[in-house]
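Colleague: Hey, I'm new to this one. Can you put it up and walk me through it?

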Amino acid sequence: MRHLMSPLDFTVEELDRLLDLANDIERNPEKYAHACAGKILATLFYEPSTRTRLSFESAMLRLGGQVLGFSNAASSSAAKGESVSDTIRMISCYADICAMRHNKEGAPMVASRVSGVPVINAGDGGHQHPTQTLTDLLTIRSLKGRLNRLTIGLCGDLKFGRTVHSLINALVRYDHISFVFISPEELRIPDYIREDVLDAKGVSYREVERLEDVMGSLDILYMTRVQRERFFNEEDYVRLKDFYILDKKKMKLAGPDMLVLHPLPRVNEISVEVDSDPRAAYFRQVQFGVYVRMALILTLLEVNI
Ligand code: CP
C-alpha cells in the first residue's frame with residue numbers, strides 16, 4: 001500500500017506516468033466515469049480548504065466513487081481529544097482511501113503509519129502540499145510543454161508557504177531549472193531548503209526583493225499569499241500582506257509567454273485586472289487539479305483502466 005506525503009514519494013518516471021494519466025482523463029473523461037464504483041474517499045480536513053477538499057471530492061465523484069468526511073475539526077471527535085492515529089483507524093473501516101489536511105506538520109505521516117488505507121497529505125502546516133505540486137506540474141507541463149529548461153520565480157511568503165516548498169522539491173529533479181525567489185527579508189526561503197535541497201543538488205537560484213527587477217527573465221511566475229494563519233503576530237502580517245501586488249503595469253514587464261500561477265486562494269497579491277490576461281493561468285490550474293487528483297486516486301487504489 002502506498003501513501004503520498006511528499007512529491008518525492010514518486011520517482012520522476014512515476015510522476016510522468018501520473019501526469020500522462022491525468023492528460024488522458026482530461027481528453028477521455030467518459031472512459032473513467034465508473035473506474036471507482038463501490039470505492040469511498042474520506043476527506044479529513046482539520047484546517048480550512050475550498051479547492052483541495054472539493055477537488056478531491058469532485059475527482060472521486062467523477063470516477064464513480066463516493067465521499068464522506070469532515071471539513072472542520074470542531075465538528076469531529078478531534079474536538080473531544082481524539083488523536084489522529086485513532087481517527088485514521090476508524091476511517092480505515094469506513095473508506096478505501098483518505099485525504100487529510102492538518103495544521104500540524106507531520107500529522108498525515110503519523111496517520112499513514114497506522115492506516116489500513118492509502119493516506120494522501122492534503123497539506124500539513126507550513127511543510128508540504130504534494131497534491132498542489134502535482135497540480136502545478138500538470139499545469140506547467142500541459143501549458144509549457146515541458147518541465148525542464150525553466151526559470152521559475154516564486155513570489156511572496158516563501159518561509160511558510162508549503163506549496164512553494166513542495167514545488168521546489170519536485171522541480172529540482174528536472175534538468176536546467178533555475179529559481180528566482182522574490183520575497184521580503186522576513187519571508188525568505190527556509191535555510192533547510194536552501195542548503196539541503198538547492199545547494200545539495202547544485203541548483204541555480206537567486207534571491208531578490210523587487211518583483212519588477214526580474215519579471216522579464218521568468219518563464220513562470222508563481223505568486224503566493226502572505227498567510228495570516230501562519231503569523232504569530234498580527235502586526236507583522238499587516239506590515240507584509242500587501243508587499244507584492246501583481247497588476248497590469250508589472251505584467252507589461254514580462255515576456256509574452258510567461259505564465260502566472262497561484263495555488264489560490266488569493267487576497268490582494270494579484271489584482272483582478274490581471275485575470276483577463278492570457279498569461280494568467282491560475283484558474284486553468286484549478287481545473288488541472290481535478291484531473292491530477294483523479295489520476296492520483298486511481299494510482300493509489302491500483303485501478304487500471
Ligand atoms: N490551493 C489550496 O490548497 O487551496 P485550499 O486551501 O482552498 O484547499
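Colleague: Salt bridges to start with: how many does the structure hold?

Modeller: There are 16 salt bridges in the structure. Keep in mind that this is a predicted model.

Colleague: Okay, pick one. Which residue does D86 meet in a salt bridge?

Modeller: That would be R89: the two side chains come together at 3.5 Å, N to O.

Colleague: And where do D86 and R89 lie?

Modeller: Both are in helix 3, which covers residues 84-94. They're three residues apart, about one turn of the helix.

Colleague: Why would side chains pair like that?

Modeller: Side chains of opposite charge can pair when their charged atoms come close.

Colleague: What about R101 and H129, how far are their polar side-chain atoms from an oxygen atom of the ligand?

Modeller: For R101, a polar side-chain atom is 2.9 Å from a ligand oxygen. For H129, the distance from a polar side-chain atom to an oxygen of the ligand is 2.8 Å.

Colleague: And L264, which atom of the ligand does its backbone come up to?

Modeller: A nitrogen atom: a backbone N or O atom of L264 lies 2.9 Å from it. Overall, the protein covers 91% of the 250 Å² of accessible area that the ligand has on its own.

Colleague: Staying with L264, what kind of peptide bond joins it to P265?

Modeller: A cis one, with omega at about 5°. P265 itself belongs to the loop between strand 9 (259-261) and helix 10 (282-300).

Colleague: Where is the place of R149?

Modeller: R149 is in the loop that runs between helix 5 (130-144) and strand 5 (150-155).

Methods:
Residues numbered from 1 in each chain as written. Predicted model: local features only at pLDDT ≥ 70, side-chain atom pairs only at ≥ 80, totals over all residues. Heavy atoms only, no water. Polar contact = N/O pair within 3.5 Å; in protein donor to acceptor, adjacent residues only side chain to side chain. Areas by Shrake-Rupley, 256 points an atom, 1.4 Å probe, with all protein chains shown as cover. Salt bridge = Lys/Arg side-chain N within 4 Å of Asp/Glu carboxyl O. Helix = DSSP H or I, 4+ residues; strand = E, 2+ residues; numbered from the N terminus.
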